Amino acid sequence: MKLPHKVKIVEVGPRDGLQNEKEDVPAQVKIELVNRLTAAGFSNIESASFVSPKWVPQMATSKEVMAGITRKPGVIYSALTPNMQGFEAAMEAGADEVVIFGAASEAFSQRNINCSIAESIERFRPVAEAAKQRGVRLRASVSTAFGCPYQGEVPLDAVGDVVARMRDLGCDEIDIADTIGVSTPRKTQAVMERAIREFRIDGLSGHFHDTYGQALANIYASMEVGIAIFHSSVSGLGGCPYAKGATGNVATEDVLYMMNGLGIETGIDLDVVVDAGHFISQFLGRKGASRAGNAILAKRTA
Ligand code: HMG
Ligand code: MG
């Protein structure tokens, strides 16, 4: 299959990226990061997570963040909502899209959201209904679709089954997530092809963590089977608190560098993203994890 002319990049750094940071990142810093990402041209920024603050303390400032950001018309500012409590908080905060998040492996579902896959779907049902009633966009994330930190292999049909259940809840978009970054390109294509049997190809996205350095190859492999939405995190921030050892999402700067080289349109200004990555890395007191970002910064000062 020919590669797409255009892809949508969903920036998840302010949520997936920062949720794993041990030190408190003040709301003002998160707000500035989201504003910088807005200026870079993203059409969708995952900005907040309305989960239990006991489970993920870093996301406790989500309400403040959503209230403080400068919204650009047309940009979707998304928030994670595991249940009705989260949904109501997200609505009060003015989220444009809510994200329910399940898993393709039972073990990860239990560790991450404290219930079985079947129970999670029942928790998501009222959230999905409320989102539809209010005309809010509904996205679902399917974690551990390529492998699980607790149970190892995840059968293709387990992915297909959860994708079908999310479809039946009325999701507008479904993310196929490599939570621990273990996939390799052929495996990625097999999983994506299984998901494509259950849901519209233009509503499926690839969410790749880069633990084993395979994320860019997995994105390319996904494009070869027709996927054209990808998630990435500025400066490669992140990890999941319930997936030990898993590193951040693929770095946005690296994805943009690859897309630019391939002549695939993203609508995003790489230089502005590099600045945003530099800003957050300086705040965190470490070198950014984006190879392209670091190369561009080095070239600027050469
Ligand atoms: P639970 O303990 O089973 O839920 O947690 P509960 O309903 O029994 O509630 C227990 C307490 O949590 C109560 O407070 C509730 O009020 C509170 P208490 O009475 O003890 O003081 N609570 C909440 N507080 C704020 N907002 C809420 C909320 N819900 C309950 N929405 C629950 C179940 C799902 C809430 C919990 O397990 C949780 O918050 N988990 C968070 C997991 C998480 O955020 N993981 C990281 C995000 S997922 C991810 O990163 C993967 C992804 O990137 C894709 C990939 O890479 O795979 C998306
Ligand atoms: Mg993730």
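Here, a residue is called buried when its relative accessible area is under 20%, exposed when over 50%, and partly exposed in between, using a 1.4 Å probe and protein chains only. His 207 and His 209 both count as buried.

This is a predicted model, in which local features need pLDDT of at least 70, side-chain atom pairs count only at pLDDT 80 or more, and totals for chains, interfaces and linings use all residues. Residues are numbered from 1 along each chain as its sequence is written, chains are lettered from A and ligands numbered from 1 in the order written, and side-chain values use heavy atoms, leaving out hydrogens and water.

**Asp 178**

Asp 178 sits in strand β6. Its contacts (heavy atoms within 4.5 Å) beyond four places in sequence include His 207 and His 209. Asp 178 is buried without a salt bridge, and Lys 187, the nearest side chain of opposite charge, is 8.0 Å away. A salt bridge needs a Lys or Arg side-chain nitrogen within 4 Å of an Asp or Glu carboxyl oxygen.

**Strands**

Strands are DSSP runs of E with at least two residues, and helices are runs of H or I with at least four.

| Element | Residues |
|---|---|
| β2 | residues 44-49 |
| β3 | residues 76-80 |
| β6 | residues 173-178 |

In β2, 6 of 6 residues are buried. Parallel strands β2 and β3 share 5 bridges, with Ser 49 partnering Leu 80.

Definitions and conventions
Pairing = 2+ DSSP bridges. Lys, Arg positive; Asp, Glu negative; His and termini not counted.
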